Amino acid sequence: MLIRRDKYLLIMFLPIFLYYFIFMYLPMPGILIAFQDYIPGKGIFGSDWVGFRWFIQFAESKYFWRLLRNTFLLAFYPLLFGFSIPILFAICVVEIKNRTFKRFAQTITYLPHFISTVVIAGMIINFLSPTDGIINTLITKLGMDKINFMMEPGWFRAIFTGSDIWQSFGFSSIIYIAAIMSIDPELYDSGKIDGVNKFQELWHLTLPSIKPTIVILLLLSLGGVMSVGFEKVYLLYNGATYETADVLSTYVYRMGIEGQNFGFATAIGLFNSIITFVLVFSANWLSRRATNMSLW
Amino acid sequence: MRKSMTDRTYYGLVYFITILAVVVTLYPFVYVISISLSSVSAIDKQLVTLLPVDFTLEGYKMVLQYPEIWTSYYNTIWYTVVGTILNIFATCLAAFPLSRAKFFLRRKLNFFIAFTMYFSGGLIPVYMLITTLGLYNSRWVMVLPVLVITFNVMICRSAFEGIPNEIFESASIDGANDLTMLFRIAVPIVKPTLAVLTLYYAVFHWNNFFSALLYLGKQDLQPLQIFLRRVLIMASPEIMQKMGGGTATSALAVSTLQVRYVSIVVSIIPIITIYPFIQRYFVKGITLGAVKG
């Protein structure tokens, strides 16, 4: 009878159910091909089982540590160098007294968040180009030698991390601005009575008040640490920089989509998800123990 | 006295950092726009560093007469408009039943969709599914596989949950069924949330590059982002020659720089134009996302 009572809710949800079933659940058994010598013509049921062969082959390959290291570093560097910047920027924006300038600063710094990765990567590549890029033009004007940034593995991480910070710090600051604005003004009034200066106010009042926000966001980003954006790496890297740029997801793409090596690529994809899974759960567990805050 | 000196240092730093942030963010865009509006000879002599030199619209004429940019523009608009409309409709259909406390399958279905946030088939199995379904090289591949984004369904669900139940009760006494309640009562109430989600979905579709890279081999279906990749990143000589038309190698090199920067400007103009109107929703959107994970 419940079915009858809720029939409209069921009808409503039916297309959504189908969507999730087809596009999310149907591919799940496809993971099995990580344990198969998959041949498209034979399908999942007809292909031969090979156990953990692909995993072992990957673990023993010379790319294993390189991919793992690159994936970790390209995920951690933006976090390490970039996490505090939105907080700093938010603190500054809140203190700006001139309303017009404040709005202007916010509007401008949010903008890069809405620009596509292709355009961002395109700007990076063209700015850094050794022939007509503005950066190299400036470098030569200063009397130094041109640098072929995009072809040198040593530059990749800095370029990736720097542009990531550039792109996201403004938009990420919104949540901190909201957190600072919601601090009880009485706190600051009593601070003034005690005669604290602005630096002490920042250190003893503002930062402790937004600590919960900081912890939650740190957690969220730790959870996402292994899901390094495929797109940006893919658009920025090239054969010359694989050494520092190639990550698990781009390798999966090259092996699977370009190389049609389905079983092997699926195995590496699965490996990537397992690590992500472990990271999310340990970050969550760690924070619950340390700060009593967790995502679930 | 000493205190006010410290405070002045503080404010000095605050303004310095903010101005620095604005300059660093703004400069690349200003530079790109300036190159796009400068004469080829000025670019050649590397005279442009901030503002346009010898203002001209030649670069835009060159790029806009190239038919492929219009095809990909049209495609991107199609994907964005059709995709976003379906997204919002489907998100409401998904979120409403999940928000109704009385719905007997609520918990099960909530788990059914949340599970996909933590576990998925991965790139290769999804790719194989899409090709099996015959969606490869079809317009719908940009829309159907991303009918809803689970995180956005959850945001919408909590917005529906925030509506006092009495409103629905009185509507049901008046004989309204769940469909009427969704479209006549719930949707109008959560309009601000839907506006934010519209923004998120639209930006996603406008910038979606990955799906097109994987599933759209046919050139006349490809969106702007794929075209941009060919111009900006691969600097496809074929496109450059067709658009630039320069003969001497040096002249060609410079005009291609302009072609690239004009393409950037042309592709981000829509975002910059609607940006001021959507900006006021950002804060709401961010806080909405933060409330429930």
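## Chain B: overall architecture

In this predicted model, chain B comprises 15 helices and zero strands. Its radius of gyration is 25 Å, whereas the globule rule gives 19 Å for 293 residues, so chain B is more spread out than a compact globule. The C-alpha trace of chain B extends over about 75 × 75 × 35 Å along its principal axes.

Of the 293 residues in chain B, 52% are classed as buried. Among contacts in chain B with a sequence separation of 6 or more, 71% involve residues 24 or more positions apart. The accessible surface of chain B amounts to about 13500 Å², and carbon and sulfur atoms contribute 68% of that area.

## Chain A: overall architecture

Chain A contains 17 helices and two strands. Its radius of gyration is 25 Å, while a compact globule of 296 residues would have a value near 19 Å. The C-alpha trace of chain A spans about 80 × 75 × 35 Å along the principal axes.

Buried residues make up 52% of the 296 residues of chain A. When contacts in chain A between residues at least 6 apart in sequence are considered, 64% of them join residues at least 24 apart. The accessible surface of chain A is about 14400 Å², with 66% belonging to carbon and sulfur atoms. The 22 positive and 18 negative charges of chain A have mean positions 5 Å apart.

## Helix 9 of chain B

Helix 9 of chain B covers residues 178-189, and its buried residues are Asp178(B), Met181(B), Leu182(B), Ile185(B), Ala186(B) and Val187(B). Against which helices do the buried residues of helix 9 of chain B pack? Within chain B, the partners are helix 4 (67-99), helix 7 (150-161), helix 8 (165-173) and helix 10 (191-207).

At the start of helix 9 of chain B, a side-chain oxygen of Asn177(B) comes to within 2.9 Å of the backbone nitrogen of Leu179(B).

## Loop residues of chain B

Asn208(B) occupies the loop between helix 10 and helix 11 (210-215) of chain B. Is Asn208(B) buried or exposed? The relative accessible area of Asn208(B) is 6%, which falls under the 20% cut-off, so the residue counts as buried. Apart from neighbours within four places in sequence, Asn208(B) is in contact with Met142(B), Pro223(B) and Gln225(B).

Asn137(B) is located in the loop between helix 6 (123-132) and helix 7 of chain B, and its relative accessibility of 25% makes it partly exposed. The phi angle of Asn137(B) is near 60°, a positive value in a residue other than glycine. Most residues other than glycine have a negative phi. Asp220(B), in the loop between helix 11 and helix 12 (224-233) of chain B, is likewise partly exposed, at 47% relative accessibility. Asp220(B) and Asn137(B) are separated by 83 residues in sequence, and their C-alpha atoms are 9.9 Å apart in space. Residues up to four places away in sequence being excluded, Asp220(B) touches Thr71(B), Asn75(B) and Arg139(B).

## Loop residues of chain A

Val196(A) is situated in the loop between helix 11 (185-193) and helix 12 (198-209) of chain A. With a relative accessible area of 24%, Val196(A) is partly exposed. How far apart are the C-alpha atoms of Val196(A) and Val252(A)? The two residues are 56 residues apart along the chain, and their C-alpha atoms are separated by 55 Å.

Gln260(A) belongs to the loop between helix 16 (248-258) and helix 17 (262-291) of chain A. Its relative accessibility of 46% places Gln260(A) in the partly exposed class. Gln260(A) is a residue other than glycine with a positive phi, near 55°.

Technical notes: Residues are numbered from 1 along each chain as its sequence is written. Chains are lettered from A and ligands numbered from 1 in the order in which they are written. This is a predicted model: local features need pLDDT of at least 70, side-chain atom pairs count only at pLDDT 80 or more; totals for chains, interfaces and linings use all residues. Side-chain values use heavy atoms; hydrogens and water are left out. Helices (H or I, at least four residues) and strands (E, at least two) are DSSP runs, numbered from the N terminus. The radius of gyration is taken over C-alpha atoms; the globule rule is 2.2 Å times the number of residues to the power 0.38. Buried means under 20% relative accessible area, exposed over 50%, partly exposed in between (1.4 Å probe, protein chains only). Contact means heavy atoms within 4.5 Å. Accessible areas come from the Shrake-Rupley method with a 1.4 Å probe; for residues, only the protein chains shown count as cover. Lys and Arg count as positive and Asp and Glu as negative; His and the chain ends are not counted. The place of a charge is taken as NZ of Lys, CZ of Arg, CG of Asp or CD of Glu. A polar contact is a pair of N or O atoms within 3.5 Å; within protein, one must be able to donate a hydrogen and the other to accept it, and residues adjacent in sequence count only if both atoms are side-chain atoms.
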